[in-house]
Structure formats: C-alpha cells, structure tokens
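Take a walk through this model with the viewer open. We go from loops to rings to metal, and end with confidence.

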Amino acid sequence: VSVHDLLWLFLPVAAAGGWFAAIRHQSGHKQAVWKHSQHFHKELNQLLSEKESAAELFDSFTHAERDAADTHIALGNLYRRRGEIDRAIMVHESLAKQASEKDISEAARFELARDYDSAGLLDRAETIFRQLTQSTTRQSEAYSALLQLHEREHDWAKAIETALECERETQRTLGERLAHYHCEQAQLAQSANRSLDAQEALQRALHHSPNSARARIALAAIAVEEKQFERAIRLYDEVETLQPELMPEIIRSRFDALLGAGDMQALNAFIMRIQAQRNAYSVVRTTRQIIAQIHDERVADRFFKDQILRRPSLKGLRDWAHDQLLLSKPGERDNVQVICNLLDQVMEDKPAYRCSSCGFEGNVMHWRCPSCESWDTVSTIIGVEGE
Ligand SMILES: [Zn+2]
C-alpha cells in the first residue's frame, strides 16, 4: 500500500467534513452521513495504528476502500438530490477513476450516468449506461436506466431495440413493456393519419403481449373509424373480459360501435347487461344518455335512479341534484340550488385517477405514470368519491 493510496482514502473524509461544515445547521439523514464518515475516520485511524501483519492490513484496507466508496457515492447522490449536479459529477467521476475494485468503479460510473441524466446531458448518460450493460454487476440496472431514458425522450424505436436486447442478454421478460412501446408508436402513426402503420404496430404489440387491453382499445377505435363495427364490438368485449376496470375508458366508443352496427337487439342486450350489474359512474351516465336517445327520458331516469341507489357515488348525487333543480317548483328552487352548489364544491378538484405505485393523482388516464414513470399503475379511483 503506497502513500498515494492512503492519501486518496482520506479524501472522502475531507470532503465529508467540508460538506458537513456547509450544511451543519441542517439535520435528518445528512447527520447519518456525517456519523458514517466519522465512523470511517475512526476505523481508518485504528487500522493504521493497530494492524501488524501486511495481510491483515490489506484485508482491512479493502474494507476501508469500500467504506470510503460508500461515503463517496452517498455524498455524490446527496449533491445530485440537492441539485448540485456539477459537484455530484466531480465526486462520482473521481471515485470511478480511482477505484481499484471493479464493482466499485461500476457503481460509481452508474451514479455518474445518473448525474449526467439529471443534468440533461443525455448523450453522456446513454454512453455510460450502454457500457454498463456489458458489466457483470450493473447490467440489469443499466438496461432499466436506458429504457427509462428512451421512454422520457419518447424514442420508442430505441426503447424497443434496447428492450429486445435486454431480453436476450438477461433473463428478464419485457413483453408488456414492449407492447406499450409499440402502442406508443401506433398512437404517433395514427395521429399522422398512417392508419396501416398504426395497425401493424398494434399487431406487434399483441405479439409481445397477447392480453394487451391497450392494443385492443386502439385497434377497436380504428375499426370504429373505418366503420368495421362488428370487429370493434368484438375487441371491446375482449377488453371488458381482460380488464373490466377499463369500462369507463371504452363505454362511449363501445356504444358508438353498437349504434353504428345498427343491431338493436345487440344494443338492448348490452344495456340490459349493464342494468343488471354495478357499474362505474361514467358507465351509468353514458348509458343513461343512450337510453334517452333510443327510448325516452322516463326510461332513462328510471335506469339512472336504480343505478345510483345500487352504487352510490358523489358524482351521481351531484348530477341527480342538478336534475332536481330543473324539476323543482319555484318555492323549493333556492334550497335545491344550495345542495347543488355544495355538491359542485365537494366534487371540484376530485381526481379521477390515481397511481398505485406513487399516489400521483390526476384527471387524465395515463398508461405510464408521469410522476414515477411506472407502466400500468394509474387506474380509475373506485368508491363514493370516484367512479
Ligand atoms: Zn406513479
């Protein structure tokens, strides 16, 4: 062990000390890092004074190098979280250069790539992540980071290529992810009026994930547009079987397909099926409109009341109160108006969707959570305050 080696082991202590002096007034887990580096300092002193044999020193030293590396990485990560990316890069880069153990250098390079990612230097981040896909210790994480990077850039072609490579190189299966990537490509193709390309992409999605509800919904929407109503109805039926919680997403288009096909018997059979079950509120509201359209308001009202008694929801109560406002006699109107206003206020800002992974809430359906970037975790909020 040379003097040079010893010197660089002291660096994190110095760094931690200086850094701690700067944030001394703050507390929390930063304190923990300080304790950690104090502990490291003590340990280093001990081994320098106590160790006798060279072998013993060497063993402890590897241990110390690991401790120092941990401190380095934790410090860099803290800098990154605090938004001091240039410092994070400096810390991680120096560790990557100096580490003699392969796994430590790979850990440092992984964090360095995350720093570049945070700084928006995506090319540099991508280059390092790509190199780490060849490593033994960081391969799977590097592939995950690369996929997230391509997703954030909406570079679906690269995402697909990387996911396929990851499946080949590791034991992971990414069928559902791949299906989403192809669905994203289909969505772009469809908005550019390239319907054939879109359908081709959706078939590829089904190839990777035969039970993909998303691919079916997109194919059904194209079928409705192209007046292939029977095909659309079949696809919507499959979506309901695969993921019944997606009913609110498809109910309007499903009625469009049934109305387009002009098969009144099938349409009535579908309405009766809805009537017999408990439904999400938007399914109730849409069905009520359709009943009013093909039968009359009286039948529609009866259906509506029956449904909101069966499965109470604030949205249903609000709409019902607004109906009563129109029907109320002049003497009662003020009272009903108060109830309407109250329910409107209660319902204002009530989110319709929530991510089961991070708790993100919003009013738009997302296949990929915009907050935690997980796929298939955002769903409709079920219950009195939701659907
Ligand atoms: Zn989330």
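Asn193 sits in the loop that joins helix H9 (175-191) to helix H10 (195-208). The model is a predicted one, so read each value below as computed from predicted coordinates. The backbone at Asn193 has a phi near 60°, a positive value in a residue other than glycine. Is Asn193 buried or exposed? Its relative accessible area is 72%, so Asn193 is exposed.

His154 lies between helix H7 (139-152) and helix H8 (156-169). Its phi is also positive, near 55°, and His154 is not glycine. With 52% relative accessibility, His154 counts as exposed. The cut-off for that label is over 50%.

Now step into helix H10, where Glu200 is placed. Glu200 has a relative accessible area of 46%, so this residue is partly exposed. Glu200 can be set against His182: the two are 18 residues apart in sequence. Their C-alpha atoms lie 9.1 Å apart in space.

Next come the rings. How many aromatic pairs does the structure hold? The count is six. One of them joins Tyr281 and Phe304. Tyr281 belongs to helix H15 (residues 281-294) and Phe304 to helix H16 (residues 297-310). The pair links distant parts of the chain, 23 residues apart. Tyr281 and Phe304 are both buried.

The charged end of Arg288 sits over the Phe304 ring, 4.0 Å from its centre. Elsewhere, ring pairs connect Trp156, Tyr181 and Trp375 into a cluster.

Turn to the metal. Which atoms coordinate the zinc ion? The donors are the SG atoms of Cys355, Cys358, Cys369 and Cys372, at 2.3 to 2.4 Å. Along the chain they follow the spacing C-x2-C-x10-C-x2-C. Cys355 lies in strand E1 (residues 353-355). Cys372 lies in the loop between strand E2 (361-362) and strand E3 (378-380). The pair therefore ties together parts that are 17 residues apart in sequence.

Why is the site called tetrahedral? The four donor atoms subtend angles of 105 to 112° around the zinc ion, which makes the arrangement tetrahedral. For reference, the ideal angle for four tetrahedral donors is 109.5 degrees. Cys355 has 2% relative accessibility, so it counts as buried. Cys372, at 25%, counts as partly exposed.

Last, confidence. The chain averages a pLDDT of 86, and 83% of the residues score at least 70. Where does pLDDT stay under 50? One such stretch is residues 19-34. The model has 19 contacts there beyond four places in sequence. Residues 50-58 also stay under 50. For that stretch the model has five contacts beyond four places in sequence.

Terms used: Residues numbered from 1 in each chain as written. Predicted model: local features only at pLDDT ≥ 70, side-chain atom pairs only at ≥ 80, totals over all residues. Heavy atoms only, no water. pLDDT = per-residue confidence, 0-100. Contact = heavy atoms within 4.5 Å. Donors = N, O, S within 2.8 Å, 3.2 Å for Na, K, Ca; no water. Tetrahedral: all angles 85-135°; square planar, octahedral: opposite > 155°, others 65-115°. Helix = DSSP H or I, 4+ residues; strand = E, 2+ residues; numbered from the N terminus. Buried < 20%, exposed > 50% of the residue type's maximum accessible area, 1.4 Å probe, protein only. Phe/Tyr/Trp six-rings, centres within 6.5 Å; stacked < 30°, edge-to-face > 60°. Lys NZ or Arg CZ within 6 Å of the ring centre and 35° of its normal.
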